[in-house]
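Dear colleague,

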Amino acid sequence: MPVSLLRAMKIDTESDGVTFEFKDTGDGIGTEVTLKASTTRNKAQDVVDAVANAIRTSKNPFIVVADTLSKEFIHTDLLDIELPGDLSIQ
């Protein structure tokens with residue numbers, strides 16, 4: 001998902017997860033795409049800070065937050081990401 005479509009990063013109440021909310025990508029069916037990431041307990045803010053820093057400093061419109069296939073994560077405390085059923089990895 002392009003950084004320009006990111007609308008919110010919300011830390012869950014137990015601080016062991018982050019929900020990324022993106023504006024709809026243009027199909028007109030929904031209003032947003034939501035991705036849920038699990039983090040080490042009490043480290044969700046660190047993950048949000050790492051994403052925010054990458055957004056601020058990157059020259060690229062895309063940053064890799066979580067690539068489960070290659071095991072590449074933006075922060076060591078980001079453990080996994082849950083993709084919605086209609087968003088596939090190709």
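What follows is a description of the chain, going from the overall fold to single residues.

Please bear in mind that this is a predicted model, in which local features need pLDDT of at least 70 and side-chain atom pairs count only at pLDDT 80 or more, while totals for chains, interfaces and linings use all residues. Residues are numbered from 1 along each chain as its sequence is written, and side-chain values use heavy atoms, with hydrogens and water left out.

The fold

The protein chain has 1 helix and 6 strands, where helices (H or I, at least four residues) and strands (E, at least two) are DSSP runs, numbered from the N terminus. Along the sequence these elements follow the pattern β-β-β-α-β-β-β. Of the 90 residues in the protein chain, 30% are buried; here buried means under 20% relative accessible area, exposed means over 50%, and partly exposed lies in between, with a 1.4 Å probe and protein chains only. Among the contacts in the chain with a separation of 6 or more, 45% are made by residues 24 or more positions apart, a contact being heavy atoms within 4.5 Å.

The sheet

Four of the strands are found in an open sheet of 4 strands, in the order β1-β2-β3-β6 and with antiparallel pairing; two strands pair if DSSP finds at least two bridges between them. Because β1 (6-11) and β6 (78-82) stand at the edges with a single partner strand each, one side of each is left without a neighbour in the sheet. Neighbouring strands of this sheet are turned by 20 degrees against each other on average, direction ignored, where axes are lines fitted to C-alpha atoms, for helices over the stretch in contact, and angles run from 0 to 180 degrees between N-to-C directions. Strand β3 (residues 32-39) runs antiparallel to β2 and is joined to it by 7 bridges, and within β3 it is V33 that is the bridge partner of F22.

The helix and the core

Helix α1 (residues 44-57) lies across β1, β2, β3 and β6, and it runs at about 160 degrees to β1. Its 14 residues should span 20 Å at 1.5 Å a residue, and this agrees with its end C-alpha atoms, which are 20 Å apart; the expected span of a helix is 1.5 Å times one less than its number of residues. The buried residues in α1 are A44, V47, V48, A50, V51, A52 and A54, and what covers them includes β1, β2, β3 and β6.

The largest nonpolar core has 15 residues, and those with the most contacts inside it are V18, F20, F22, L35, A37, V65 and L78. Such a core is a set of buried Ala, Val, Leu, Ile, Met, Phe, Trp, Tyr and Cys residues joined through side-chain atoms within 4.5 Å. The elements that give two or more residues to this core are β2, β3, α1 and β6, and α1 gives the most, with 4 residues.

Single residues

E21 lies in strand β2 (residues 17-23), and E21 counts as buried because its relative accessible area is 15%. The side chains of E21 and K10 are joined by a polar contact of 3.2 Å, which is defined as a pair of N or O atoms within 3.5 Å; within protein, one must be able to donate a hydrogen and the other to accept it, and residues adjacent in sequence count only if both atoms are side-chain atoms. Not counting residues up to four places away in sequence, E21 touches L5, L6, R7, A8, K10, E32, V33 and T34.

S15 has its place in the loop between β1 and β2 and is also buried, with a relative accessible area of 17%. Leaving aside neighbours within four places in sequence, S15 is in contact with T39, T40, R41, N42, K43 and A44.

N42, in the loop between β3 and α1, has a phi near 65 degrees, a positive value in a residue other than glycine, and N42 counts as exposed at 56% relative accessibility. K71, in the loop between β4 and β5 (72-73), has a phi near 60 degrees, likewise positive in a residue other than glycine, and K71 counts as exposed at 64% relative accessibility.

Lastly, P61 lies in the loop between α1 and β4 (66-67). P61 and P2 are 59 residues apart in sequence and 6.0 Å apart in space, C-alpha to C-alpha, and P61 is in contact with P2 and V3 when neighbours within four places in sequence are left aside.

With best regards
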